[in-house]
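Thanks for making the time this morning.

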Amino acid sequence: MIRIVLVGAAGRMGRAIAQAAQDAADLSLVALVDAAVPAGADGRWTTDVAAAIAPGTVVVEFSSAAGAANVAALCAERGAALVSGATGLDAAQVAAVEAAGAKVALLRASNFSVGVAALRRALATALAAVPRAWDVEIVERHHRMKKDAPSGTALTLASDVLAARGLSRDALRHGREGVVGARTADEVGVHAVRGGTWVGDHAVLLAGEGETLELRHVAQDRGAFAHGALAAARFVATARPGLYALDDLFR
Ligand code: NAD
């Protein structure tokens, strides 16, 4: 039985993961951690993340950028494997999270859905198949409550495009406003739409002369991320210390 400590348990993702974990015979939710414990919560709930993370547990964290860095340090200290899902981290927070990989098994991903993993592979194929002159723009849509923009997934897709084309981060254009002039061949546009209850929608547009190709993934339900996060939890439960990515699950 894999003992799971869920951090960010009261949030949208936390609730979806708790639901999916309850249906899994090999997983036991031993602690539910959140900065705000809901009314009527049972004895597994706590605000004390340091007390909840014990050696041998697998921590699944979908909280916040600051929460991610704090939890990773605690996992490294206690010897608990970690699945890290929060997005919107700055460079120092990413480094703090990834440092835990030197001590424990850690899998971090900006998107735990199988479909986005497939989208990334399809994007690599499409970029290799169209002329270099084709323009690339990324459009993401999320619910009105999302804190970070653009989404971690949009940034991952943008990094994939930059790497495929040998471009630096200076090539990114986050939205456009005013008299921006003609688009240069080497810019990669990233656009964040916010509203309603969109769970997560990412489109990569490849635009050529008189034709466009659009690759799009739509998450309709947080179960898409929750099942991937629990697959990652099973993976890190037996993996050697190290920093892993979602693709490691498919190898
Ligand atoms: P949310 O705001 O609904 O939930 C976050 C929860 O974490 C809240 O209940 C909050 O009280 C708690 N929290 C925040 N900081 C904390 C801390 N330091 N310690 C303990 N609890 C803390 O947000 P959400 O929609 O559930 O998303 C959570 C995170 O996961 C965000 O960063 C989001 O971008 C990311 N996310 C990642 C994926 C993925 O596949 N990697 C998918 C969806 C969302």
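Which residues does Ser84 touch, not counting residues up to four places away in sequence? Taking contact as heavy atoms within 4.5 Å, Ser84 touches Glu61, Ala68, Val97, Leu106, Leu107, Arg108, Ala109 and Phe112. Before going on, please keep in mind that this is a predicted model, in which local features need pLDDT of at least 70 and side-chain atom pairs count only at pLDDT 80 or more, while totals for chains, interfaces and linings use all residues. Residues are numbered from 1 along each chain as its sequence is written, and side-chain values use heavy atoms, with hydrogens and water left out.

Ser84 is found in strand 5, residues 81–84 (strands are DSSP runs of E, at least two residues, and helices are runs of H or I, at least four, both numbered from the N terminus). Ser84 counts as buried because its relative accessibility is 0%, where buried means under 20% relative accessible area, exposed over 50%, and partly exposed in between, with a 1.4 Å probe and protein chains only. Its side chain is joined to that of Glu61 by a polar contact of 3.0 Å (a pair of N or O atoms within 3.5 Å; within protein, one must be able to donate a hydrogen and the other to accept it, and residues adjacent in sequence count only if both atoms are side-chain atoms).

The contact between them takes 10 residues from domain 1 and 14 residues from domain 2. Across this interface the rule finds 1 salt bridge, that is, a side-chain nitrogen of Lys or Arg within 4 Å of a carboxyl oxygen of Asp or Glu.

The structure holds 16 salt bridges. Asp247 lies in the segment after strand 12 (242–244) and Arg121 in helix 5 (residues 114–129), so this pair ties together parts that are 126 residues apart in sequence. Their side chains meet at 3.4 Å, N to O; Asp247 is partly exposed at 36% relative accessibility, and Arg121 is partly exposed at 44%.

Finally, Arg183 forms a salt bridge with Asp135, the closest N and O atoms being 3.1 Å apart, and another with Glu137 at 2.8 Å. Arg183, Asp135 and Glu137 belong to a network of salt bridges that also includes Arg173, Arg176 and Glu187.
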